[in-house]
Amino acid sequence: MATDNNTLEAKNGDSCHSCKNRRTILSLMASGLTCIVSSYAFGSSLLTPSQMLGPFYPEKIPLEHDNDLTTVSGNYGISAGEISHLIGQVLTPNGSPVIGAKIEIWQCDAFGQYKHPGGGGGQDPNFQGYGRTRSGVDGQYRFKTIKPVTYPGRTPHIHMRIVSKNANLTTQLYVKGERLNDRDFILNAIRNTRARSSLIIPFVHEPGFPPDELVARFDPVVAG
Ligand SMILES: [Fe+2]
């Protein structure tokens, strides 16, 4: 049976875009109704901590939802922003690959808008906004997207959800070196330093990739 430690967070929503909603979240946190951190030692690696689903998960999965978010059918341009390859392996705590996990990501465009009625609707017609894929036989996955940018109230982040045989994880990824990370109340709700750091990844140039594109590596650890 899938482990779902996001249920409460999904109900609470991502109230990061207004002070009123921020107070609501803080209130919920104070009352112990959130379960931001689900990262406990289990075997040799920490489980990847969960974070709230947020309000901008698509209301309907778009027809185009492949793992390249930087192009949109019918348009000839590419997304604004810094093109980035998000790649990694889905692993269990003992390092075994998780095969066939469904991995979804969604994020705002380079102008800070989500392709969602509540998130501005999307300003960049060439940015898909949402994509999904499945991990391969070695647990590997990849997305082509943009380096996330900030929007009011949040440090840059990419939302990710992973559903596998034994796991149902919703989390958020952050950019190493972003000055707003230290002030982001959702990221810093993870009190365990090691768990919090596991969600902060570098976006860097790497050999073997186009010189003007970035690479971000993230290996989520789930129950299996
Ligand atoms: Fe968000």
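Two strands count as paired if DSSP finds at least two bridges between them. That cut-off applies to β11 and β12, which are joined by two bridges.

The structure is a predicted model. Its mean pLDDT is 85, and 80% of the residues reach 70 or more. Over residues 1-43 the pLDDT is below 50, although this stretch has 79 contacts in the model beyond near neighbours in sequence. Where pLDDT is low, the predicted coordinates should not be read in detail.

**The four-stranded sheet**

The strand order in this open sheet is β7-β4-β12-β11, and the pairing is mixed. The pairings are set out below.

| Strand pair | Bridges | Direction |
|---|---|---|
| β4 and β7 | seven bridges | antiparallel |
| β4 and β12 | four bridges | parallel |
| β11 and β12 | two bridges | antiparallel |

β7 (140-146) and β11 (203-204) each have a single partner strand and stand at the edges, so one side of each lacks a neighbour in the sheet.

Strand β4 covers residues 83-89, and its residue Ile 87 has Arg 142 of β7 as bridge partner. Strand β12 covers residues 214-217. Which residue of β12 stands opposite His 85? It is Val 215. Val 215 in β12 also stands opposite Val 204, a residue of the edge strand β11 (203-204).

Definitions and conventions. Residues are numbered from 1 along each chain as its sequence is written. This is a predicted model: local features need pLDDT of at least 70, side-chain atom pairs count only at pLDDT 80 or more; totals for chains, interfaces and linings use all residues. pLDDT is the predictor's confidence in each residue, from 0 to 100. Two residues are in contact if their C-beta atoms, placed from the backbone, lie within 7 Å.
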